Amino acid sequence: MVSPPPGAAAVAARAGLRVGPAPRPLMGSQGRSGPPGNGGPGEGEGGEARKLQEGRVARGKRRKGKGKGKARAGQGGRGSGAEGKPGPQTAKEAAGPGADGGARACPREEAEGGGSVEEGARGIVKGVEGSAGARKEAQGREYGKKEEWRVRARRREGARPGRAQGRGGQAWADIAGTGVAMAAAAGEEEEEEEAAREAAARPAAGPALWRLPEELLLLICSYLDMRALGRLAQVCRWLRRFTSCDLLWRRIARASLNSGFTRLGTDLMTSVPVKERVKVSQNWRLGRCREGILLKWRCSQMPWMQLEDDSLYISQANFILAYQFRPDGASLNRRPLGVFAGHDEDVCHFVLANSHIVSAGGDGKIGVHKIHSTFTVKYSAHEQEVNCVDCKGGIIVSGSRDRTAKVWPLASGRLGQCLHTIQTEDRVWSIAISPLLSSFVTGTACCGHFSPLRIWDLNRKCVMEWEEPHDSTLYCLQTDGNHLLATGSSYYGVVRLWDRRQRACLHAFPLTSTPLSSPVYCLRLTTKHLYAALSYNLHVLDFQNP
């Protein structure tokens, strides 16, 4: 009897098999029974191990199903496919080359009808190694599933940036979380851009009218009125953007009150969308506004004021002070920017023109000041106090208590030379030149049988007139250069709004009560606000936020 070599018995013992002479013949690895004689060869036991291993592999396949592990037998269970699928292996390959090693005995031993115990032990050991490879394959599949689960978890966590990913505080989780957060932020930006593109894009469905060229569509919609354009803007985002075009609202704005357009169509407020100005214009038409007070004086004054960009110029006694508006337009910085002087008595009136301040004083003189220098010139203009003055296009017009209106040049070489004198038959309290430089309007004391509000052309002929409802003296007036007229009366600080296309007054705003009755000495307006200067206060009417 051949004794097993040293070491083989220990290996077989660890495998749980008995090593020694077989008491009966065993089936070989090829299904053949060994020849009688010297006992069962080693290949019989190898065949039995092979069957056992095949059963284990079959059960493992049934349990795992169609797992996508990345394992490969013999390499820690890593998958061989590009998509993480395990490479196809037969039971024979899974069991390893040692499983059928006993069966492939050398021809000499088969001829003798048996094999050595050493060869049988080697077959058993190789079969056990094949079984270990199968276990590694199963472990690889399990690892592949876990890895796939981690990837999916990271993708889900990507939708919630800033949250810790993974478990155990692994270092790679922070790095992956940063990358996923950046990717999520980029995705959000792409979604916002896509939403903006959808808003700007034309609707895919709808009437064929919306698929016309934009120029032709603008021409068609230009015939719609304000209400129809407002309803059209509620259809979709694209039409809301389209109907906000200034070209569609320009015609409507020119017909509205105080929308920033002159009678010639000149846009004086190009920085403000026309649609927004038309909205505020409806508040002017309906008289919706909010009243406030900008400045107060301790003693009674006869203030006058002018606006230029974000600055307010207002007279107090014989001085002219410059203030700066705050961004809301309804409040002032209390510290003045500059102070201008030159009259011996109170400043009754002044205007801003060509970087000059042209002022009228109670001393019967007209003063000319440069805003950015100390240059000042004054000359005698009327026999009594000069109540009002205006300047446009190099021409100065003045009105006085002496019942006359005069025309003067602004040219430096001709200052003080009177061009025309108009007899108004009443005291002139307010005057204004037309933007066309072809006429001017006067407001008088209403003491005689003449209308207090008259327009004079170049031939000094009255063109149109309006009756004051309470026969009050008109101290001041202001126009938007188109359809709106604002007047200030001598009692109770009443401000009236007029539409030059109508004869009746639109609205009246009393700014003082009976104990503090005061004339309205000055009016100034923008497309959003109206400013009124009274004896003790400077008032503001906010039509943007009524």
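A residue is called buried when its relative accessible area is under 20%, exposed when that area is over 50%, and partly exposed in between, with a 1.4 Å probe and protein chains only. This is a predicted model, in which local features need pLDDT of at least 70 and side-chain atom pairs count only at pLDDT 80 or more, while totals for chains, interfaces and linings use all residues. Residues are numbered from 1 along each chain as its sequence is written, and side-chain values use heavy atoms, with hydrogens and water left out.

**Residue Y475**
- Y475 has a relative accessible area of 17% and is therefore buried.
- Y475 belongs to strand β18, residues 474-479, where a strand is a DSSP run (E, at least two residues) numbered from the N terminus.
- Beyond its neighbours within four places in sequence, Y475 is in contact (heavy atoms within 4.5 Å) with residues including W429, G488, P519 and Y521.

**A four-stranded sheet**
- The order β1-β24-β23-β22 describes an open sheet with antiparallel pairing, and two strands count as paired if DSSP finds at least two bridges between them.
- Because β1 (290-296) and β22 (522-525) each have a single partner strand, they stand at the edges, and one side of each is left without a neighbour in the sheet.
- Strand β22 runs antiparallel to β23 (residues 529-533), and four bridges join them; L523 has A532 in β23 as its bridge partner.

**Nonpolar core**
- A nonpolar core is a set of buried Ala, Val, Leu, Ile, Met, Phe, Trp, Tyr and Cys residues joined through side-chain atoms within 4.5 Å.
- The largest one has 43 residues, and Y313, L530 and L538 have the most contacts inside it.
- Strand β4 (residues 319-325) gives the most to this core, with five residues.
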